[in-house]
Amino acid sequence: MTHFPWTTAVTDLPTVGTPVDAVTDLSRSEEPPGARLRAARRQAAAFRAEFASTGTPDSVVTCDLVTLPYPTRFGLFRASKALAPFLSITNRMLVIRWTESDGRKRVLLFEPSDHERGRYTPYFDSLAQRTPGVLRRQMVTEHGTVLGHLARLGIEPADVDYLMFDHLHTQDLRRWVGTTAFQDDLGQAPEAAFPHAKVIVQRDELAAMADLHPLQRPWYQPSTYAHVPPEAFLPVNGTVLLGPGVAVMKTPGHVFGNQSLVVNTDTGIWVSSENVIAVEALVPGHSTLPGLATWARAWQQEVVLNANTIETTADQYNSVVLEKTLADRSQADPRFPQFFPSSELTGAWTNPGTKPTFTHGAIRHGAQPA
């Protein structure tokens, strides 16, 4: 077990948001998985009406960060018949702004990945070392950085209130929230780029990182958290309302402390996480990706999971159904729900058989930058 400064203080750290009673952590239920699946559908239906009544945020803006390779057998689990061993996913950050009832302005960054440091995640670091440089440059496209996008949007880093990730796979937070000691690999003790921001995270995620299971180790960078100050975190338990039309919903399975962003917009409710990598994975019967529709029918599966970690697969399946039931339908194509993969399948000529049938590409709501 790794000692972190917040390991013994997780239960004592301050939290944020208003608990949502309509959605409970079904992974802790004593009911069998099938009963928990039915409960997920009921809870999503109950939460839909409650959440829509909370209003909408001022704006939601999408910012592309990086497109990178990802194993097809992970991203599309057992369903894909594509010949390509790798597909491409695009990591995106969402910038959500809202106004509190007392007039205070809030800024939340969802998935503000420091992808320059994320490359040192054990799995991706090993993959890069095995891949020739010329090929690696063809497979990875950097679209922008977190700080660069914020400058374009006219947002000062000091004005950011919250950082949030669906889970902490690949994440190195040191440059975002600072450290309490010198970091040899960075050559400094970095000051926080976001001096007032707190990281919203499930308590289960913090606890799991302190004692990683072998299934988890290839995807985390636990050593980078050794000197992250405890006060950088705002742990939550389960589903909470953060602001008008903005919530974090616990969706365990992909990791024990997985969570999803839920936002209410001009087009209705959106849900975002990495539980699946393509919106058609929620409705595989409408997919033209080789194998997905056939596999879903043969195995009587209504969703296709993102399965690089399969910590509790039935819980992840139930969480995806919860997300699918909660989200409204796309106005562009109502066959597909307004689920926005935080890492979205992206077509590339290098990866035959992996071009998505339909993509959202972005969530647009409220005032947009010029």
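This is a predicted model: local features need pLDDT of at least 70, side-chain atom pairs count only at pLDDT 80 or more; totals for chains, interfaces and linings use all residues.
Local features were considered at a pLDDT of at least 70 and side-chain atom pairs at pLDDT 80 or more, whereas totals for chains, interfaces and linings use all residues. Residues are numbered from 1 along each chain as its sequence is written, and side-chain values rest on heavy atoms, with hydrogens and water left out.

The structure holds 22 salt bridges, a salt bridge being a side-chain nitrogen of Lys or Arg within 4 Å of a carboxyl oxygen of Asp or Glu. One of them pairs lysine 250 with aspartate 25, whose closest N and O atoms are 2.8 Å apart. Because lysine 250 lies in strand S10 (residues 246-250) and aspartate 25 in the loop between strand S1 (18-19) and helix H1 (33-52), this pair ties together parts that are 225 residues apart in sequence; helices (H or I, at least four residues) and strands (E, at least two) are DSSP runs, numbered from the N terminus. Both lysine 250 and aspartate 25 are buried, where buried means under 20% relative accessible area, exposed over 50%, and partly exposed in between (1.4 Å probe, protein chains only). A salt bridge with an N to O distance of 2.6 Å joins glutamate 116 and arginine 175. This pair also links distant parts of the chain, with glutamate 116 in helix H3 (residues 115-118) and arginine 175 in helix H7 (residues 174-177), 59 residues apart. Glutamate 116 is partly exposed at 34% relative accessibility, and arginine 175 is partly exposed at 28%. In a further salt bridge, between aspartate 333 and arginine 335, the closest N and O atoms are 2.9 Å apart; here aspartate 333 is buried, with 16% relative accessibility, while arginine 335 is partly exposed, with 37%. Salt bridges with shared partners also join Asp25, Arg28, Asp204 and Lys250 into one network.

Nonpolar cores were defined as sets of buried Ala, Val, Leu, Ile, Met, Phe, Trp, Tyr and Cys residues joined through side-chain atoms within 4.5 Å. The largest nonpolar core has 85 residues, of which Phe47, Val95, Leu109, Val160, Leu163, Phe194 and Phe233 touch the most other members. Another core, of 21 residues, lies apart from it and includes Phe110, Ile200, Val236 and Trp270.

Six strands form an open sheet in the order S1-S9-S10-S11-S12-S13, with mixed pairing, two strands being paired if DSSP finds at least two bridges between them. S1 and strand S13 (339-341) stand at the edges with a single partner strand each, so one side of each is left without a neighbour in the sheet. Within this sheet, S10 and strand S11 (residues 259-265) run antiparallel and are joined by five bridges, and methionine 249 has serine 260 in S11 as its bridge partner.

Grid points are joined across faces, edges and corners, and a volume is the space filled by probe spheres set on the points. The largest pocket has a volume of about 750 Å³. It is lined by 34 residues, with Leu68, His115, Gly118, Arg119 and Phe124 closest to its centre. S2 gives the largest share of this lining, five residues. By class, the lining of the largest pocket has 12 nonpolar, 12 polar and 10 charged residues, where Ala, Val, Leu, Ile, Met, Phe, Trp, Tyr, Cys and Pro count as nonpolar, Asp, Glu, Lys and Arg as charged, and the others, Gly among them, as polar.

The second largest pocket has a volume of about 190 Å³, and its lining includes Thr265, Trp270, Gln331, Phe358, His360 and Arg364. The largest cavity has a volume of about 110 Å³. Of its 15 lining residues, Leu26, Ser27, Pro252, Asp315 and Ser319 are the closest to its centre. H1 and helix H10 (313-326) each give two or more residues to the lining of this cavity, and the largest share, four residues, comes from H10.

Terms used: On a 1 Å grid over the protein atoms alone, a cavity is a set of points where a 1.4 Å probe fits but cannot get out, and a pocket is an open set with protein on both sides within 12 Å along at least five of seven lines; lining residues have an atom within 4 Å of a point.
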